[in-house]
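Here's a quick briefing to read with the model open beside you.

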Amino acid sequence: MNIYKKIYKQIQKSDPIILAHHIGPDPDALGSSLALKEIILNKFPKKHVYAVGHPTSKFAFLGKLDKLPENYKEGLLIVTDTPDKHRVDGVNPFDFEKSVKIDHHPFIEKTCKIEWIDPNASSACQMILELCENTRLKLTKEAGEKLFAGIITDTNRFMFAYTTDKTFKLVGNLVKKTNIDINEIYNKLYLRPYKEIKFQSFIGSNFSITENQVAYIKITDDILKEYNVEVPTPGNMINNFNFIDEILVWVTITEDKNFGVYRVSVRSRGPIINSVLENYGGGGHKYASGARIKDEENIDIMIKDLDEVSKNYIKENA
Ligand code: AMP
């Protein structure tokens, strides 16, 4: 049985169904689970389907998350966009007899009974589209909007390398089938207050750049307060610093005073960075990774490690 059929069968025979994604969710995490909820209910309206996790105000337009029902352990868990147990938001995958993972991160550990992992997929939302095309699950317009939002944010509007002909084919079919209003989605995703532009200018003007083209900036709680922006804001705007000639790897390090950690977001135009972040309790994709680091000393060492990776990359590509 192919993986699409396996997942479809699990959905067909299960009730309730719990959908979960990673902590600190982005539009791919939220879009994949909220769209899948809509798609499952469209095919099986009598099922009880819950998309769980902590809400985020920035992406509230993608839909509301549900409370975990009391009988959740009897159900099927579907985790999207999350490679490891400790980053699943709101549930413990090991509580479930039946579980499915749909993810595009490189494999880290087995957390679900059935795992569909495709690191070549641009996004988990792309994988949900693929699942629909290969089963009796049908897209709705609302689900299409959420999936489109996830795909364009994870590919940075089709700019990243893992945007393939498959991505374009699936998105082409999505647009044709659901007639979504692309402009409206872009407006919801990209419209921002002027204070964020001022803050972005601050970041752009204050990067430290190493000899090997690693740019980094430490953003303290005081700076966040001065610019009146939230803790996730620097990480959310990191893709805006792509395509800068002198920079190959760029890092925002944001103080999260409530949790006593620094939120680290890293992007790369070439050097492979996830292996570095894994050494600091984080991870992610080859060119887009993150971590939460407690100890300031470790941050300095991590920058040195990234500098080393970048140095080797420059040497190999000279
Ligand atoms: P971000 O910079 O937060 O957008 O994260 C970029 C990528 O790194 C995403 O694929 C995340 O799933 C991954 N990532 C971010 N933070 C962590 C973390 N603390 N542990 C593991 N992976 C992370």
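Where is the place of N156? N156 sits in the loop between α4 (141-154) and α5 (165-178), with helices (H or I, at least four residues) and strands (E, at least two) taken as DSSP runs and numbered from the N terminus. This is a predicted model, so to speak of local features takes a pLDDT of at least 70 and side-chain atom pairs count only at pLDDT 80 or more, while totals for chains, interfaces and linings use all residues. Residues are numbered from 1 along each chain as its sequence is written, and side-chain values use heavy atoms, with hydrogens and water left out.

- N156 has a phi near 50 degrees, which is a positive value in a residue other than glycine.
- The peptide bond from D15 to P16 is cis, with omega near 0 degrees.
- P16 belongs to the loop between α1 and β1.
- For background, most residues other than glycine have a negative phi, and most peptide bonds are trans.

**Around the ligand**

- There are 14 residues around the ligand, and R87, H105, S265, R267 and G290 come nearest; a residue is in this set if one of its heavy atoms lies within 4 Å of the ligand.
- Sorted by class, that shell has two nonpolar, nine polar and three charged residues. Here Ala, Val, Leu, Ile, Met, Phe, Trp, Tyr, Cys and Pro go down as nonpolar, Asp, Glu, Lys and Arg as charged, and the others, Gly among them, as polar.
- Look for polar contacts (pairs of N or O atoms within 3.5 Å): a polar side-chain atom of S265 is 2.7 Å from an oxygen atom of the ligand, and one of H105 is 2.9 Å from a ligand oxygen atom.
- On its own the ligand has 480 Å² of accessible area, and the protein covers 81% of that (Shrake-Rupley method, 1.4 Å probe).
- Two or more shell residues come from each of β9 (261-268), β10 (283-284) and β11 (288-293). β11 gives the most, with five residues.

**The parallel sheet**

- Five strands make an open sheet in the order β2-β1-β3-β4-β5, with parallel pairing; two strands pair if DSSP finds at least two bridges between them.
- At the edges are β2 (49-51) and β5 (114-117), each pairing on one side only.
- From one strand to the next, the twist averages 15 degrees. Axes are lines fitted to C-alpha atoms, for helices over the stretch in contact, and angles run from 0 to 180 degrees between N-to-C directions.
- β4 (residues 98-103) and β5 pair in the parallel sense over four bridges, and D103 has I117 as its bridge partner in β5.
- Helix α1 (residues 3-13) lies across β1 (17-20), β3 (76-80), β4 and β5, at about 135 degrees to β5.
- Helix α2 (residues 27-43) packs on this sheet too, touching β1, β2, β3 and β4 (contact means heavy atoms within 4.5 Å). Its direction makes about 170 degrees with that of β2.

**The mixed sheet**

- Six strands form an open sheet in the order β6-β7-β8-β9-β11-β10, and the pairing is mixed.
- β6 (208-209) and β10 stand at the edges with a single partner strand each, so one side of each is left without a neighbour in the sheet.
- β8 (residues 249-256) and β9 pair in the antiparallel sense over eight bridges; V249 stands opposite S268 in β9.
- Helix α7 (residues 194-206) packs on the sheet, touching β6 and β7 (214-219), and its direction makes about 130 degrees with that of β7.

Key: A polar contact is a pair of N or O atoms within 3.5 Å; within protein, one must be able to donate a hydrogen and the other to accept it, and residues adjacent in sequence count only if both atoms are side-chain atoms.
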